[in-house]
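Student: Please take me through one part of this structure closely. I would like to see how it sits in its surroundings.

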Amino acid sequence: MKRAGLAIVAVALCAPQGILAQTIRFNFDAVSLTYQEVREGRSSTGQGGGGGIELRVGRFRLDARAYTARLEPDSGGSEYDFKQVDVRVSYAVNKLLALEVGGGRRYVDPENATQEVGLIRIGVLSENQMTRLADVWVRGAYLVNPRFSGGGSADLAFEFQLGVGLGTANKRFRFHAEYEFQRIDREVGANDVPIQLSLARVGISFGF
Amino acid sequence: MLRKLTLLAVLLGFHPWQAVAQENAALRRAREAYGALDYRAAIAAAQRALGQQLSGGELVEVYELLGFMYGALDSSGLAVEAFRNLIILDPDREPDPGRVSPAITSLYASALGQVLVVRKVGIDSVSFVQGNGRVPLRFDVSQPAAVRVRAVGNGLDLLIDSLSAAGAAGVFWSPVLEDGTPVPPGRYQLVVEAFARPEQYASQVVVEVRHGTVDTLEHISSLPGYDFQDEIEFPGRNWRPLGLAALYTAVASAASLAMESSGLGSPPREEIAGVGAAVLLTGFIMSIKKPDARAVPANIRYNELLREQITQRNADIARQNAVRRRQVELTVVPVTGGSR
């Protein structure tokens with residue numbers, strides 16, 4: 001998690017001035033999530049916070065987000081820390097559609113509380129400006145060959161996101177709300193041990 | 001007799017409409033008798049008046065009365081003689097065709113053809129920029145004659161034109177010197193001299209030449225008939241933002257339902273419900289708020305072209321003003337007229 005944070009700061013500080021001159025935005029979020037795994041009834045819920053950076057240069061866009069939340073199992077048990085880092089790079093094909101690739105890494109503490117996951121994503125992003133002040137977007141991605149700390153594999157894994165942003169016309173201040181859904185059909189041997197994540201994120205961002 | 005009258009006219013320097021303070025008694029009796037249609041008594045009184053000291057105006061009136069009365073008595077020769085004297089003394093005084101008989105007018109015309117005079121010399125007030133105008137001078141020569149017109153004054157004697165003329169004629173005076181500079185301001189006599197040997201006659205009009213600065217042109221901020229157009233417009237309110245929000249929310253909700261893992265049961269839907277509501281609310285607010293102004297490219301281009309035209313016109317005006325500041329506006333007005 002620390003390494004991810006340092007990477008975000010490094011991107012912000014080391015980017016050439018010409019690129020920074022395009023658009024750079026810093027996000028600060030509050031998150032609420034529900035994490036389900038293995039079987040019905042085994043879920044955890046919790047809240048936390050996060051942040052990120054968004055950089056746009058021409059048709060390219062870089063999103064790096066991270067959050068941490070304290071989750072409490074609904075069936076009782078010890079709370080644990082749930083941390084996620086996501087990076088996405090997209091290229092706008094036209095005004096409404098962009099192709100997106102990226103990666104993600106999930107950490108938990110203590111390590112055996114649940115699965116740590118590493119993944120690569122390939123997907124699309126559709127962003128639409130409702131007015132000069134507001135925009136709405138959806139993104140969907142196929143998660144390629146996710147890796148788990150407890151072993152196993154997943155042939156079917158995908159995620160999607162719904163978001164809305166509302167801010168000032170000069171884009172400097174912005175409120176946003178996002179919903180993110182992730183499903184990974186993990187299999188260990190012949191056993192199905194699926195993972196499902198449902199997350200809501202609200203926050204504010206400052207752009208330059 | 002003709003030379004004496006001419007000399008008298010010059011010595012007296014009278015004006016035909018000059019008022020007379022002390023009226024001659026014989027002239028008054030002549031006028032009264034003429035009014036009573038007693039022409040013989042009127043002629044006798046007029047002849048007596050001619051033997052007395054008369055002002056220029058009285059002398060003109062006596063000859064005019066004699067011309068009318070002789071004309072009325074069919075004494076054509078005497079009438080023409082009287083009119084000739086009248087014309088020599090005051091060429092511009094002529095019978096009013098609306099008040100006297102055609103016979104008398106004809107006699108006057110006959111007398112006019114027998115003497116050389118320059119009549120009705122005059123100009124109208126005129127004002128123009130140096131080099132861009134001339135002063136029209138008009139006159140009337142009673143017989144075919146060689147005419148020379150000069151401008152005299154301020155130490156200058158400038159030949160305006162020379163021509164052969166008979167009847168109404170005119171010349172144009174360009175009040176500039178040979179080097180193109182305007183004549184100095186002041187009074188000038190525009191002298192019209194007519195020569196038909198052995199007679200010669202001159203008449204003049206006095207004019208005043210004034211110098212003034214040429215008005216400069218004002219710079220313009222608009223072109224007549226071409227108004228600047230609004231470069232932005234406010235489109236009408238529409239529900240597109242709400243439609244987009246609904247579409248995206250529906251897609252996300254449907255995907256969420258479709259992709260739920262059956263093995264994990266139904267997940268809590270607070271997150272999708274909360275964010276979906278936020279999306280719809282944002283779309284609704286964006287739909288009901290006043291739409292953003294948007295640029296009108298055609299009008300922007302039109303205004304750019306208009307500004308270019310105005311800038312070009314102002315540059316032309318600035319160039320014209322630079323020339324105008326070096327020019328002089330000449331105003332020429334008539335002061336008096338006369339003859340000799």
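Tutor: Here is a close look at one helix and the core around it.

This is a predicted model: local features need pLDDT of at least 70, side-chain atom pairs count only at pLDDT 80 or more, and totals for chains, interfaces and linings use all residues. Residues are numbered from 1 along each chain as its sequence is written, and chains are lettered from A, ligands numbered from 1, in the order in which they are written.

Take helix α5 of chain B, residues 76–89. Helices here are DSSP runs (H or I, at least four residues), numbered from the N terminus. The 14 residues of α5(B) should span 20 Å, and the end C-alpha atoms are 20 Å apart, so the two agree. The expected span is 1.5 Å times one less than the number of residues.

α5(B) is mostly covered, with ten of its 14 residues buried. Buried means that 20 or more other C-beta atoms, placed from the backbone, lie within 10 Å of the residue's own. Among them are B:Ala79, B:Ala82, B:Phe83 and B:Arg84.

Now the core. The largest nonpolar core has 60 residues, and B:Phe83 is among those with the most contacts inside it, as are B:Leu65 and B:Leu66. Such a core is a set of buried Ala, Val, Leu, Ile, Met, Phe, Trp, Tyr and Cys residues joined through C-beta atoms within 7 Å. Helix α4 of chain B (residues 56–72) gives this core its largest share, nine residues.

Leaving aside its neighbours within four places in sequence, B:Leu66 is in contact (C-beta atoms, placed from the backbone, within 7 Å) with B:Ile43, B:Ala46 and B:Ala82.

Technical notes. Helices (H or I, at least four residues) and strands (E, at least two) are DSSP runs, numbered from the N terminus. A residue is buried if 20 or more other C-beta atoms lie within 10 Å of its own, exposed if 12 or fewer, and partly exposed in between; C-beta atoms are placed from the backbone. Two residues are in contact if their C-beta atoms, placed from the backbone, lie within 7 Å.
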